[in-house]
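Subject: Structure handover

Hello,

Here is the structure I promised to pass on to you. Please open it alongside this email, and the notes on what turned up follow below.

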Amino acid sequence: MTDNDEMLEILGISNTTPQQKRPRMRSKESVNPLSAAIATERVRLGYTQKELSERVGIGFETMRRIEQGNQKVQIGLYFKVMEFLGLVVSSTRKSEAYSK
């Protein structure tokens, strides 16, 4: 299990199929687990950022910023992309997540 997989597990983010392929990510991008999950699932499903942004109904620059973990992007747009990709977020207390 990679650090990214562990972080996704801690955050309760999952998808219905195993991850097969991972996007290249700079260190800044991999800090945000939501961004990492979105980028990983996008690549696994075979979408480019442009294709995904068009399908979700957001601008390409917004999609790029989401995958970069830009904190100025509205959280609702992260969730909109995640919903399209079939990703689920669940809430866990930090102390519970780290005690597993």
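To start with a term used throughout, contact means heavy atoms within 4.5 Å. Helices (H or I, at least four residues) and strands (E, at least two) are DSSP runs, numbered from the N terminus.

This is a predicted model, in which local features need pLDDT of at least 70 and side-chain atom pairs count only at pLDDT 80 or more, while totals for chains, interfaces and linings use all residues. Residues are numbered from 1 along each chain as its sequence is written, and side-chain values use heavy atoms, with hydrogens and water left out.

**Overall picture**

The protein chain has seven helices and zero strands, so the order from the N terminus reads α-α-α-α-α-α-α. Of its 100 residues, 38% are buried (under 20% relative accessible area; exposed is over 50%, and partly exposed lies in between, with a 1.4 Å probe and protein chains only). Among the contacts with a separation of 6 or more, 57% involve residues 24 or more positions apart. The chain exposes about 6600 Å², and carbon and sulfur atoms supply 50% of that area (Shrake-Rupley method, 1.4 Å probe; for residues, only the protein chains shown count as cover).

**Helices H5 and H6**

The axes of helix H5 (residues 60-68) and H6 come within 11 Å and cross at roughly 90 degrees. Axes here are lines fitted to C-alpha atoms, for helices over the stretch in contact, with angles from 0 to 180 degrees between N-to-C directions. H5 and H6 are therefore roughly perpendicular to each other (65 to 115 degrees; under 35 counts as roughly parallel, over 145 as roughly antiparallel, and the rest as oblique). Which residues of H5 and H6 meet? Thr-62, Met-63, Arg-65 and Ile-66 come from H5, and Leu-77, Tyr-78 and Val-81 from H6.

Two of those H5 residues, Met-63 and Ile-66, are buried, and the buried residues of H5 also include Glu-67 and Gln-68. Just after H5, Gly-69 takes a positive phi of about 80 degrees.

**Salt bridges**

How many salt bridges does the structure hold? There are four, where a salt bridge is a side-chain nitrogen of Lys or Arg within 4 Å of a carboxyl oxygen of Asp or Glu. Three of them are described here.

Arg-42 pairs with Glu-67, with the closest N and O atoms 2.4 Å apart. Arg-42 lies in helix H3 (residues 33-45) and Glu-67 in helix H5, so this pair ties together parts that are 25 residues apart in sequence. Are Arg-42 and Glu-67 buried or exposed? Both are buried, and Glu-67 has a relative accessibility of 4%. Glu-67 also has its C-alpha atom 5.8 Å from that of Ala-39, 28 residues away along the chain.

Glu-54 and Lys-50 form another salt bridge, with 2.5 Å between the closest N and O atoms. They are four residues apart in helix H4 (residues 49-56), about one helical turn. Glu-54 is exposed at 53% relative accessible area, whereas Lys-50 is partly exposed at 49%. Lys-50 and Met-63, 13 residues apart in sequence, are 7.8 Å apart in space, C-alpha to C-alpha.

Glu-61 and Arg-64 meet in a salt bridge too, at 2.6 Å from N to O. Both lie in helix H5, three residues apart, about one turn of the helix. Glu-61 has a relative accessible area of 35% and Arg-64 one of 26%, and each is partly exposed. As background, an α-helix has 3.6 residues a turn, so residues three or four places apart point the same way.

**Leu-52**

Leu-52 lies in helix H4 and is buried, with 0% relative accessibility. Leaving aside neighbours within four places in sequence, Leu-52 is in contact with Arg-42, Tyr-47, Met-63, Val-81, Phe-84 and Leu-85. For Arg-42, 10 residues away along the chain, the C-alpha separation from Leu-52 is 7.5 Å.

**A surface patch**

Ile-75, Phe-79 and Val-89 make a nonpolar surface patch of about 260 Å². Patches are made of residues with over 30% relative accessible area and no salt bridge; like charges are joined within 9 Å, and nonpolar side chains (Val, Leu, Ile, Met, Phe, Trp, Tyr) within 5 Å. Val-89 sits in the loop between helix H6 (75-85) and helix H7 (94-98) and is partly exposed, with a relative accessible area of 41%.
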